[in-house]
Amino acid sequence: MTKLLLSLHVLAAIIAIGPVTVAASMFPAAARRSTGTDRDRTTLRLLHRICRVYALFGVAVPVFGLATASSLGVLTDAWLLVSIALTLIAAVLLGVVILPGQSKVLADEPFPPARLGMLTGIFNLLWAVVVILMIVRPGSTTGA
Ligand code: HEM
């Protein structure tokens, strides 16, 4: 059972977090290049849609992650608690700042692409740290 849950957890991370990371990273540069033509707007709308839709799929990552953790009995391990906190911060950053920021750019409201780029960089870094924690598991008593 644990193997199935862990497989679904990693699969969800690849399929959902991957596209959000790529599309969110492409958005600021596309916004900077945009001259307001229909083609440019279609590109920006598509990138924003990928971020939004795959962010919803992304909910499966912590769901299967928590199920895996409870099946392994590691729910209170320090590395896991830090991962959960970082995952929460990344989710809030995406839902409360990055996605609304992209919407503002799409609506021609002021939101500097450079700021969006910086926030997206922090967002990507958070995933990188979480993945390293998932693999290195410092302080794990389960014998990584
Ligand atoms: C609430 C958030 C999360 C929880 C509770 C969680 C939980 C877990 C658990 C319990 C494992 C199994 C570790 C083991 O084999 O002992 C695991 C593995 C893994 N997780 Fe997460 N996870 C979370 C978020 C994430 C995120 C956001 C990503 C990727 C962006 C991710 C990627 C991975 C990967 C790649 C593995 C496989 C590592 C390995 O088994 O060597 N996890 N996770």
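Leu-6 is located in helix H1, which spans residues 2-33; helices here are DSSP runs of H or I with at least four residues, strands are runs of E with at least two, and both are numbered from the N terminus. The model is predicted, so local features need pLDDT of at least 70 and side-chain atom pairs count only at pLDDT 80 or more, whereas totals for chains, interfaces and linings use all residues. Residues are numbered from 1 along each chain as its sequence is written, and side-chain values use heavy atoms, with hydrogens and water left out.

With a relative accessible area of 40%, Leu-6 is partly exposed (buried means under 20%, exposed over 50%, and partly exposed in between, with a 1.4 Å probe and protein chains only). Leu-6 contributes to a nonpolar surface patch of about 760 Å², together with Met-1, Leu-4, Leu-8, Val-10, Leu-11, Ile-14 and Ile-15. Patches consist of residues with over 30% relative accessible area and no salt bridge, where nonpolar side chains (Val, Leu, Ile, Met, Phe, Trp, Tyr) are joined within 5 Å and like charges within 9 Å.

The chain contains five helices and zero strands, in the order α-α-α-α-α from the N terminus. Along the principal axes, the C-alpha atoms fill a box of roughly 55 × 25 × 20 Å. Of the 144 residues, 33% are buried. The accessible surface is about 8400 Å², and carbon and sulfur atoms account for 72% of it; areas come from the Shrake-Rupley method with a 1.4 Å probe, and for residues only the protein chains shown count as cover. Among contacts (heavy atoms within 4.5 Å) between residues at least 6 apart in sequence, 75% join residues at least 24 apart.

One salt bridge is present, defined as a side-chain nitrogen of Lys or Arg within 4 Å of a carboxyl oxygen of Asp or Glu. Asp-108 and Arg-41 form this bridge, with their closest N and O atoms 2.7 Å apart. Asp-108 lies in the loop between helix H4 (78-106) and helix H5 (113-136) and Arg-41 in helix H2 (residues 38-57), so the pair ties together parts 67 residues apart in sequence. Asp-108 is exposed, at 55% relative accessible area, while Arg-41 is partly exposed, at 26%.

The ligand is surrounded by 21 residues, the closest being His-9, Gly-65, Trp-127, Met-134 and Arg-137; a residue is near a molecule if one of its heavy atoms lies within 4 Å of it. A polar side-chain atom of His-9 lies 2.7 Å from a ligand nitrogen atom. For Arg-137, a side-chain N or O atom is 2.9 Å from a ligand oxygen atom.

Notes:
A polar contact is a pair of N or O atoms within 3.5 Å; within protein, one must be able to donate a hydrogen and the other to accept it, and residues adjacent in sequence count only if both atoms are side-chain atoms.
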